[in-house]
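Here are my notes on the model you asked about. Have a look at it first, then read on.

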Amino acid sequence: MSETTAPAQADSRGAEIELRGVTKRYPGQKKPAVDNVNLTIPDGEIVMLVGPSGCGKTTTMRMINRLIEPTDGDILIGGEDVRKKDPNELRRHIGYVIQAGGLFPHMSVADNVALVPRMLKWPSQKVSDRVDEMLSLVGLEPSQFGDRYPRQLSGGQQQRVGVARALAADPPVLLMDEPFGAVDPITRTHLQDELLALQDELSKTIVFVTHDFDEAVKLGDRIAILAQGSEIVQYDEPAAILASPANDFVRGFIGEGGAMKLLNVTRLADIELADVVATRPGADAAGVLAEVSEKETPWAVVLDESQRPVRWVSRDALADLSGDIGDAGDPVSATINGRSTVREALEVLLKSDAECVPVTVRRKYVGSVTLATVQHAINQLRERAKGGGRA
Ligand SMILES: Nc1ncnc2c1ncn2[C@@H]1O[C@H](COP(=O)(O)OP(=O)(O)OP(=O)(O)O)[C@@H](O)[C@H]1O
């Protein structure tokens, strides 16, 4: 079942969640399902819990909203001990989304979304405005979908309603237990993109359980890789885990293609770009040739007066010139934005058969990327991760 819960005041952002020595022993079980877990989930971040079946992910998550009571340890949300709160009241402040949305089948879509605001006794106009707002937020036209029943929706639509319901009372914390596990891969990708877009706006603290490491890499600000008993084998940013897996267990989760996945989560703005001479049409060719000779690449990039890259001029072309560069050289055929990932840059390099692609931020040149830049970036990310820094 999916349930939503509401915060004390409207428009809340996130809240830090802290698990201290949290243990859960189920009656009749020899080993604890969750054994002495210590984990801090920073305010406003998405933390992914990944681990094999039965390792205790769901139990860990459900102790946060007290659907399961811990045997031992403390759980704090925004510094407050969850056990000091009435469980129903607590759950109104914590959105909860499960696989397939967990909607109430006998209630319309609008009534499902309105559930917690009504429990909180919001005035009816405010409730109906909020329902419309939430449905629109998750891409469902309220007039078209509000009166339908869950069985009249596709799996992806039901999942969207589940998210709308969880967010309706604006809780600072959202718990998501394999929410996108039951939809096809294309819908899943859409839902993931929507969640990221929503999170850009809302900055909730989100705990998200998944079996899928690629989903964890895509969505997570951090990933906790769990073994039996919810033992935290590694807890770090996706790039750091990809660059430097703690052990073979983590390597097993990453699976094939770790280096490509690393390129997927690393932005050009975060790596060292190639040291290419940048110049202007009015520059003296002999002077630029001298500079180019000292650098690692045999060209200069020519920028216009707005700092946009317009042409490449090679060392050989420079050697043939006297006076200004003028309009010598070849036009820049492709540029790439600094927000793009290194993987996207690699695609551009391979597709455009350019040896070097200028990188721009707000259309201004900031550096260039070559195959050597990509290789160097991977090495650096690995070194940084091994050194304990953030990759
Ligand atoms: N109510 C219960 N009574 C006894 N044992 C339980 C109960 N619920 C869960 N367990 C056991 O606790 C362990 C952790 O279960 P949990 O559902 O938290 O794992 P999980 O990592 O979420 O698994 P999955 O990925 O398969 O959903 C498992 O061994 C499970 O069998």
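The points below go from the whole chain down to the ligand.

1. Before anything else: this is a predicted model, where local features need pLDDT of at least 70, side-chain atom pairs count only at pLDDT 80 or more, and totals for chains, interfaces and linings use all residues. Residues are numbered from 1 along each chain as its sequence is written.

2. The chain's C-alpha atoms fill a box of roughly 85 × 50 × 35 Å along the principal axes. An automatic or database assignment gives domain 1 (17-255) and domain 2 (270-377), and their C-alpha centres are 45 Å apart.

3. Of the 391 residues, 42% are buried (20 or more other C-beta atoms within 10 Å of a residue's own, C-beta atoms being placed from the backbone).

4. Now the largest nonpolar core, with 106 residues. Such a core is a set of buried Ala, Val, Leu, Ile, Met, Phe, Trp, Tyr and Cys residues joined through C-beta atoms within 7 Å. Helix α3 (residues 109-119) gives the most to this core, with six residues; a helix here is a DSSP run of H or I, at least four residues, numbered from the N terminus. At least three residues come from each of domain 1 and domain 2.

5. Which residues surround the ligand? They are Y26, Q29, A33, G51, S53, G54, C55, G56, K57, T58 and T59, each with its backbone-placed C-beta atom within 6 Å of it. This shell divides into three nonpolar, seven polar and one charged, with Gly counted as polar, Tyr, Ala and Cys as nonpolar and Lys as charged.

Technical notes: A residue is buried if 20 or more other C-beta atoms lie within 10 Å of its own, exposed if 12 or fewer, and partly exposed in between; C-beta atoms are placed from the backbone. Helices (H or I, at least four residues) and strands (E, at least two) are DSSP runs, numbered from the N terminus.
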